[in-house]
Amino acid sequence: MSELLIDIFGKPHGIIIFQLVAATRFTIYLSLVAFGGGGVVAAMITFLTISPQPGLGKIAQTYIWFFQSIPLLMLLFLTGLGVPRLIGVDVNPWTAATISLVLFTSAYLAEVWRGAIAAVLPGQWEAGFALNISFVSTLKKVILPQAIRYGLAPTVGFMVQIIKGTSLAYIIGFSDLMLTGKRWANAPVSGSEPFIIFPIMAVIYFCICYPLAVVARKLEAEDLAKS
Amino acid sequence: MHKTDENLVVNMQNVNKWFGEFHALKDIDLSIYEGERIVVCGPSGSGKSTLIRCLNGLEKHQDGTIKVHGTVLNDNTESVKKIRKNVGMVFQQFNLFPHLTVMENCILAPMENLHLSEVEASKLAMSFLERVQIPDQANKLPGQLSGGQQQRVAIARALCMQPRLMLFDEPTSSLDPEMIKEVLDTMVALANDGMSMICVTHELNFARRVAHRVIFMDEGKIVEDQSPKDFFENPQTDRARLFLSQILDH
Ligand SMILES: Nc1ncnc2c1ncn2[C@@H]1O[C@H](COP(=O)(O)OP(=O)(O)OP(=O)(O)O)[C@@H](O)[C@H]1O
Ligand SMILES: [Mg+2]
């Protein structure tokens, strides 16, 4: 692969592109972990927001509100640099980036999903209860299938934000597309000037994000057509 | 009809309900016996919906006792479930599940509550769909049906739980005039089978035909509780007279 790229683009561009693409792997891994982990946490938080126990709902709302109000960059600093310094242990950038992105993602997705569930008419819950169907079954069989309609497009759209968000993790030394690119841009190698490197990186981000954006827009359009 | 404690379907004693500061039900005393058909009417905001929604725990009352089929309704999930098992409800907006077919709408509750297999539940559902005269629509989605058909599905869906009491909250109010009759006919047929019913409606002809008692509410209180004949011909209160004159003008 590396040789092939060098054949096509020559040196140093073949090597640069190879390294950037290889580093993109970590951008994708981190995005997937953030989305998976964030999704699981978001599902739990969402469940708390709609639970009939009002106290739990308050806690969940506070969680959403709190982590939505903190910039992702701040979360990265805190988990990657702040807390490790405070408790005197080294936290590896993977761990710190994962925690930050999961917190960030879960708060956002929980808010989206809570909204999607709230958008289902209250009469649907009432019909379920009046038929003596339990809270959990009503949620599963009646409410969620309808809520997915409202929540799917913004969820897919938010994946784009996560992918772009992972680029901030370079700041705590997470070695992804961003960090690799920045290193090259700073390197005293002719042909690796910032005005060459950064557009290449932009193209790579674009190639990952654009298809998702298209899917999100398509889902949205379908929703509009249905309602 | 014997009015004994054993066949009390609904027994409300001194029931009060507030929405925040707003006093929605005031000192409600009401007894309804097996086989009785009650029509509830009154001006908008008088508490009719709230009254029947308290009976199956969709709204919580704060004060007084409600007994349905002898079970005291309280915060205990068991008591609420026990009551709901025997009480069906039909809503003004139908509240069918739009993502499920007519058949799926009908079998959800019996499968969960009566522990029937899908085949058994479908058979049961089909018998009720036949009873409301739309067995041929079983595999359609609610959105593909007319309003009148949807409301009849909603009635069949409630009947699938084989309830001993049916609550109707203005079942014909959001229907076009030409569809009102088919729903009312379904309800009359149900009445003729001896089902206990509480029906919030302004369909006075229906009240005359099937109701044993008409309950008139105003500002959260039961103001009159009479036979339809007495209520329509000889209302006791000015409010009821005013209400009737307004309705009959239409
Ligand atoms: N969830 C609620 N929160 C606050 N107030 C409510 C709520 N539900 C009903 N109310 C109020 O309680 C009063 C009685 O409402 P209810 O729906 O029982 O009236 P109704 O007699 O059924 O009227 P309508 O004929 O318009 O259906 C109204 O003033 C209404 O605004
Ligand atoms: Mg009402």
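Me: Why is B:Glu34 called partly exposed?
Reply: In this predicted model, the relative accessible area of B:Glu34 is 31%. Buried requires a value under 20% and exposed one over 50%, so B:Glu34, at 31%, is partly exposed. The residue lies in the loop between strand E2 (22–33) and strand E3 (37–41) of chain B.

Me: How far apart in sequence and in space are B:Glu34 and B:Arg157?
Reply: B:Glu34 and B:Arg157 are 123 residues apart in sequence, and their C-alpha atoms are 22 Å apart.

Me: B:Glu36 is found in the loop between E2 and E3 of chain B. What makes B:Glu36 count as buried?
Reply: The relative accessibility of B:Glu36 is 2%. Buried means under 20%, and B:Glu36 therefore counts as buried.

Me: What does the side chain of B:Glu36 reach, and how does the distance stand against the cut-off for a polar contact?
Reply: The side chain reaches the backbone nitrogen of B:Tyr33 at 2.8 Å. The limit for a pair of N or O atoms is 3.5 Å, and the 2.8 Å of this pair is within that limit.

Me: How do you know that B:Val200 is buried?
Reply: B:Val200, in strand E8 (residues 196–200) of chain B, has a relative accessibility of 0%. The threshold is under 20%, so B:Val200 counts as buried.

Me: Which residues are in contact with B:Val200, leaving aside neighbours within four places in sequence?
Reply: B:Val200 is in contact with B:Val40, B:Lys48, B:Ile52, B:Phe168, B:Asp169, B:Glu170 and B:Pro171. Each of these has heavy atoms within 4.5 Å of B:Val200. As for B:Ile38, 162 residues from B:Val200 along the chain, the C-alpha atoms of the two are separated by 8.4 Å.

Me: Turning to chain A, how many helices and strands are there?
Reply: Chain A has 9 helices and 0 strands, and its pattern along the sequence is α-α-α-α-α-α-α-α-α. The C-alpha trace spans about 75 × 50 × 25 Å along its principal axes. Of the 227 residues, 44% count as buried.

Me: Why is A:Thr138 called buried?
Reply: Its relative accessible area is 0%; as buried means under 20%, A:Thr138 is buried. A:Thr138 belongs to helix H7 (residues 135–166) of chain A. Not counting residues up to four places away in sequence, A:Thr138 touches A:Gln124, A:Trp125, A:Gly128, A:Phe129, A:Ile133 and A:Ile143. A polar atom of the A:Thr138 side chain lies 3.3 Å from the backbone oxygen of A:Ile133, and that distance is within the 3.5 Å cut-off for a polar contact.

Me: What makes H2(A) oblique to H5(A)?
Reply: Helix H2 (residues 13–50) of chain A packs with H5(A) at an angle of about 45°, their axes 6 Å apart. Roughly parallel means under 35 degrees, and roughly perpendicular starts at 65; about 45° falls between these limits, so H2(A) is oblique to H5(A). The crossing is right-handed, and the contact residues divide into 19 nonpolar, 8 polar and 1 charged.

Me: How do you know that H2(A) and H3(A) are oblique to each other?
Reply: Their axes come within 7 Å and cross at roughly 135°. The roughly perpendicular range ends at 115 degrees and the roughly antiparallel one begins over 145, so H2(A) and H3(A) are oblique. H2(A) passes H3(A) in a left-handed crossing. Among the contact residues are A:Val41 and A:Ile45 of H2(A) and A:Leu56 and A:Gly57 of H3(A). By class, this contact has 7 nonpolar, 3 polar and no charged residues.

How values were computed. Residues numbered from 1 in each chain as written. Chains lettered and ligands numbered in written order. Predicted model: local features only at pLDDT ≥ 70, side-chain atom pairs only at ≥ 80, totals over all residues. Heavy atoms only, no water. Helix = DSSP H or I, 4+ residues; strand = E, 2+ residues; numbered from the N terminus. Buried < 20%, exposed > 50% of the residue type's maximum accessible area, 1.4 Å probe, protein only. Polar contact = N/O pair within 3.5 Å; in protein donor to acceptor, adjacent residues only side chain to side chain. Axes fitted to C-alpha atoms, helices over the stretch in contact; angles between N-to-C directions. Left-handed = near helix turned anticlockwise from the far one by under 90°. Nonpolar A, V, L, I, M, F, W, Y, C, P; charged D, E, K, R; others polar.
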